[in-house]
Amino acid sequence: MANQNRKLESSVTLFAAIEKDRHAVLRAIAYNEKKSLADVTREAIDCYLIKLWNDHYSDPKVRKENRQLTGDFLRITCR
């Protein structure tokens with residue numbers, strides 16, 4: 001998961017428009033957990049990707065065909 005003092009090794013800047021309500025929730029979570037909004041957003045994306053992987057790509061046949069999706073991604077854990 002995201003670490004507040006983590007230096008990203010290979011980062012890409014992501015810009016996305018989100019609804020105000022979702023932004024407010026992310027800000028509240030960041031404030032309550034004493035984390036940056038960026039860290040909370042990274043954690044949310046990690047959890048989404050893990051769920052997507054487990055629901056759609058964990059089948060060995062699909063995994064073989066989508067080998068490029070594996071690697072460090074599989075080491076991500078979602079609480």
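## Helices and salt bridges in a predicted model

In this protein, 54% of the contacts with a separation of 6 or more are between residues 24 or more positions apart; a contact here means heavy atoms within 4.5 Å. What you are looking at is a predicted model, in which local features need pLDDT of at least 70, side-chain atom pairs count only at pLDDT 80 or more, and totals for chains, interfaces and linings use all residues. Residues are numbered from 1 along each chain as its sequence is written, and side-chain values use heavy atoms, with hydrogens and water left out.

### Overall layout

The protein holds 3 helices and 0 strands, and its elements follow the order α-α-α from the N terminus. These elements are DSSP runs numbered from the N terminus, with helices (H or I) of at least four residues and strands (E) of at least two. Of its 79 residues, 14% count as buried. Here is how the classes are set: buried is under 20% relative accessible area, exposed is over 50%, and partly exposed is in between, using a 1.4 Å probe and protein chains only. The areas come from the Shrake-Rupley method with a 1.4 Å probe; for residues, only the protein chains shown count as cover.

### Helix α1 and what follows

Helix α1 covers residues 20-33, which is 14 residues. From first C-alpha to last, α1 reaches 20 Å, close to the 20 Å expected at 1.5 Å a residue; the expected span is 1.5 Å times one less than the number of residues. Just after α1 comes K34, with a positive phi of about 55°.

### The salt bridges

How many salt bridges does the structure hold? There are 3, each one defined as a side-chain nitrogen of Lys or Arg within 4 Å of a carboxyl oxygen of Asp or Glu. Side chains of opposite charge can pair when their charged atoms come close. Here are the pairs:

| Salt bridge | N to O distance |
|---|---|
| K35 and E33 | 3.2 Å |
| E43 and K35 | 2.8 Å |
| R42 and D39 | 2.6 Å |

E33, K35 and E43 are linked in a network of salt bridges. E43, found in helix α2 (residues 37-57), is buried, with a relative accessible area of 7%. The side chains of E43 and K35 are also joined by a polar contact of 2.8 Å. A polar contact is a pair of N or O atoms within 3.5 Å; within protein, one must be able to donate a hydrogen and the other to accept it, and residues adjacent in sequence count only if both atoms are side-chain atoms.

The R42 and D39 pair sits within helix α2, its members 3 residues apart, about one turn of the helix. An α-helix has 3.6 residues a turn, so residues three or four places apart point the same way. R42 counts as partly exposed at 28% relative accessibility, whereas D39 is buried at 4%.

### A nonpolar surface patch

L14, I45, Y48 and L49 make a nonpolar surface patch of about 400 Å². Patches are made of residues with over 30% relative accessible area and no salt bridge, with like charges joined within 9 Å and nonpolar side chains (Val, Leu, Ile, Met, Phe, Trp, Tyr) within 5 Å. L14 lies in the segment before α1 and is exposed, with a relative accessible area of 65%.
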